[in-house]
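Please open the model in your viewer and keep the sequence beside it, so that each selection can be followed in both.

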Amino acid sequence: MIVRIMGEGQVRLADSHLTELNKLDDELLAEMENGDGPGFRRTLQALLTEVRELGDPLPDDSLEPSDLILPSPDATLEEVRELLSDDGLIPG
Amino acid sequence: MSGVMKRMGMIFRAKANKALDRAEDPRETLDYSYQKQLELLQKVRRGVADVATSRKRLELQLNQLQQQSSKLEDQGRKALALGREDLAREALSRRAALQQQVTDLETQHATLQGEEEKLTLAAQRLQAKVDAFRTKKETIKATYTAAQAQTRIGEAFTGISEEMGDVGLAIQRAEDKTAQLQARAGAIDELLASGALDDPTGMAKDDIQAELDRLSGGTDVELELQRMKAELAGGSSSGQQAIEGGTGQSQTPSQSQQPQDTPRFDKQ
């Protein structure tokens with residue numbers, strides 16, 4: 001499974017890691033929906049760290065579609081919320 | 001998975017597929033429509049078959065009635081030959097009743113035959129239409145598939161460019177960071193120059209130190225001047241000569257022509 005950390009690159013992750021990442025990911029979603037900014041930042045950093053540690057980075061010149069995408073490390077709760085709004089990443 | 005990761009991935013993919021109408025596949029719609037037309041054609045054909053069956057049944061009934069009619073006619077002829085006019089009359093009257101039924105059935109048969117012909121014609125026309133639709137449908141489907149393939153190629157590029165967007169973003173960030181560092185370095189130079197920042201290397205002085213240095217330097221000069229004046233005031237003439245002699249070596253001719261009784265350093 002290929003995971004992209006926006007603004008950072010892609011990593012290849014074994015599917016077996018998904019369960020533990022899922023917990024953090026769901027937590028992140030809940031914090032985003034609840035507007036818990038500090039919690040969101042903490043969980044995002046934890047999730048990114050975990051993905052970086054568990055995954056093998058893909059070379060920059062490889063172009064593989066990402067199965068999962070994570071916000072960039074400095075993304076704010078508002079930015080991610082905007083990304084996930086109806087308009088999506090590209091308006092219209 | 002329903003978290004942020006999955007949702008962002010889905011949005012990316014949805015955006016990559018935005019060129020396609022995801023709500024409805026025209027090929028499926030065409031196939032469905034063709035299926036409906038086939039069903040309709042089947043119904044018409046079934047109707048034609050039903051009418052034909054009824055017609056056949058009528059024909060059988062007509063045959064039977066005509067056979068009975070012939071039989072009654074024969075029976076009437078035989079009865080008349082045997083001198084039984086009453087029996088012959090009975091047979092002929094029954095035959096007349098049968099004939100009436102035959103006439104009615106023949107009318108029904110003609111009507112059914114007309115209906116059958118009409119339905120057969122309609123079925124043939126419908127068949128032609130359905131065939132034409134099938135051809136058109138296949139053409140549209142082929143065109144759509146080709147267009148879809150083209151779109152997929154476009155999508156692939158869109159997808160790539162979206163993925164590449166991140167790489168571009170990383171480069172942009174690196175550039176921004178560099179520019180920021182350069183700006184910061186420039187600002188630090190200015191701050192060091194103005195003395196607002198201390199320079200740990202001691203290469204630059206702040207304005208206060210510069211003023212203190214200037215003042216202390218000036219004091220030293222003044223002190224030195226005072227000391228020299230005191231020496232001159234209280235010192236011997238040899239000292240004066242030494243000074244004069246010292247300076248005499250580099251004096252210009254006009255200066256050397258000055259009268260000796262005019263001291264250069266006057267008493268205070």
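Colour chain A by burial: of its 92 residues, 45% are buried, where buried means under 20% relative accessible area, exposed over 50% and partly exposed in between, with a 1.4 Å probe and protein chains only. This is a predicted model, in which local features need pLDDT of at least 70 and side-chain atom pairs count only at pLDDT 80 or more, while totals for chains, interfaces and linings use all residues. Residues are numbered from 1 along each chain as its sequence is written, chains are lettered from A and ligands numbered from 1 in the order in which they are written, and side-chain values use heavy atoms, leaving out hydrogens and water.

Next, switch to a cartoon view, where chain A shows three helices and four strands, which are DSSP runs numbered from the N terminus (helices H or I, at least four residues; strands E, at least two). Along the sequence they follow the pattern β-β-α-α-β-β-α.

Now select the strands of chain A, which form an open, mixed sheet in the order 3-2-1-4, two strands being paired if DSSP finds at least two bridges between them. Strand 3 (56-57) and strand 4 (68-70) of chain A are at the edges with a single partner strand each, so one side of each has no neighbour in the sheet.

Then select strand 1 (residues 2-5) of chain A, which runs parallel to strand 4 of chain A over three bridges; here A:Arg4 lies opposite A:Ile69 of strand 4.
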